[in-house]
Amino acid sequence: MSWDPALTRADALLLARVSEAAGRARLARRQATYRPPLAEPGRRWAGLAGARRLLRGDRERAGAGPIDRLDLYERGLTVAVDGRIHVVRYDTTVVRRRRALSTQGLTRAHVLVDLDGERIVLRCGDFGEPEVWGPQIHRSVADAQVPMALAALTRGERVDFGPVWLTRAELGSRGTTLRWAQVQRIEILKGSVAVRTAGRWQVWGSVASGIPNLCVLRTLAEYLTAAERDED
């Protein structure tokens with residue numbers, strides 16, 4: 001790594017700890033690093049400190065202090081919070097979409113589970129370029145977990161996503177069951193998971209309620225509906 005004169009001793013030590021934690025978890029190569037937005041050169045976004053004081057009772061995120069950096073790797077990610085490194089693997093984590101408090105009010109957030117079983121909340125205002133790292137996390141989780149889910153379905157097992165479940169032959173939720181031949185589309189409509197069948201929509205669960213691994217569910221549903229059409 002070439003020396004960056006802007007890299008302080010604390011930054012260098014943190015980077016070393018992040019790299020060590022990622023290496024132990026076998027996350028492979030680092031792909032990108034994201035840091036908190038800056039209000040002006042050399043200073044962190046001032047609103048973060050006030051927001052974290054308001055969020056000290058938020059038990060969903062480990063630590064209420066500064067989030068120093070988010071690093072995305074091939075097989076997972078690390079988040080530095082309060083000087084502690086949290087490690088997430090894409091093939092084992094659970095990711096949910098939610099709304100969370102920020103200095104601008106409610107904002108979109110991504111809630112993940114780290115290797116220690118703790119939930120980490122990544123708000124879209126925590127780091128720059130949320131339109132890049134947010135979708136990338138969900139794509140990576142889907143890429144890692146869809147093959148395992150398909151293998152389970154092939155073995156005849158049922159895969160659950162909160163209130164929604166699926167098998168190789170059917171999709172269901174709360175007493176309603178549909179064969180894949182009946183499913184036309186699955187979409188997110190006004191914050192809820194909706195299934196289109198027989199020309200109308202059925203609402204099967206709210207994203208705000210924290211449906212786990214929605215990215216995996218949607219990918220599986222697209223694959224299974226396409227496979228059913230091909231068989232016809």
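In this predicted model, Arg29 and Glu74 form a salt bridge in which the closest N and O atoms are 3.3 Å apart. Arg29 lies in the loop between α1 and β1, whereas Glu74 belongs to the loop between β4 (67-73) and β5, so the pair ties together parts that are 45 residues apart in sequence. The two partners fall into separate accessibility classes: Arg29 counts as exposed because its relative accessibility is 57%, over the 50% cut-off, while Glu74, with a relative accessible area of 36%, is partly exposed.

A second pairing involves the strands themselves. Asp71 and Arg30 meet through their side chains in a salt bridge, with an N to O distance of 3.1 Å. This pair also links distant parts of the chain, since Asp71 sits in strand β4 and Arg30 in strand β1, 41 residues apart. Asp71 has a relative accessibility of 0% and therefore counts as buried; Arg30, at 30%, counts as partly exposed.

Another salt bridge brings the side chains of Arg89 and Asp91 together at 3.0 Å, N to O. Arg89 is buried, with a relative accessible area of 19%, because the class includes values under 20%. Asp91, by contrast, is partly exposed at 27%. Salt bridges that share partners also join residues into a network, which consists of Arg30, Arg69 and Asp71. Across the whole structure, the search finds 12 salt bridges. In general, side chains of opposite charge can pair when their charged atoms come close.

The backbone deserves attention at two loop positions. Most residues other than glycine have a negative phi. Arg26 has a positive phi, near 55°, and is not a glycine. Arg26 is located in the loop between α1 (9-24) and β1 (30-34), the loop in which Arg29 also lies. With 63% relative accessibility, Arg26 counts as exposed.

Asp82 likewise has a positive phi, of about 55°, although Asp82 is not a glycine. Its setting is the loop between β5 (76-81) and β6 (84-89). Asp82 has a relative accessible area of 45% and is therefore partly exposed, whereas Arg26 counts as exposed.

Key
Residues are numbered from 1 along each chain as its sequence is written. This is a predicted model: local features need pLDDT of at least 70, side-chain atom pairs count only at pLDDT 80 or more; totals for chains, interfaces and linings use all residues. Side-chain values use heavy atoms; hydrogens and water are left out. Helices (H or I, at least four residues) and strands (E, at least two) are DSSP runs, numbered from the N terminus. Buried means under 20% relative accessible area, exposed over 50%, partly exposed in between (1.4 Å probe, protein chains only). A salt bridge is a side-chain nitrogen of Lys or Arg within 4 Å of a carboxyl oxygen of Asp or Glu.
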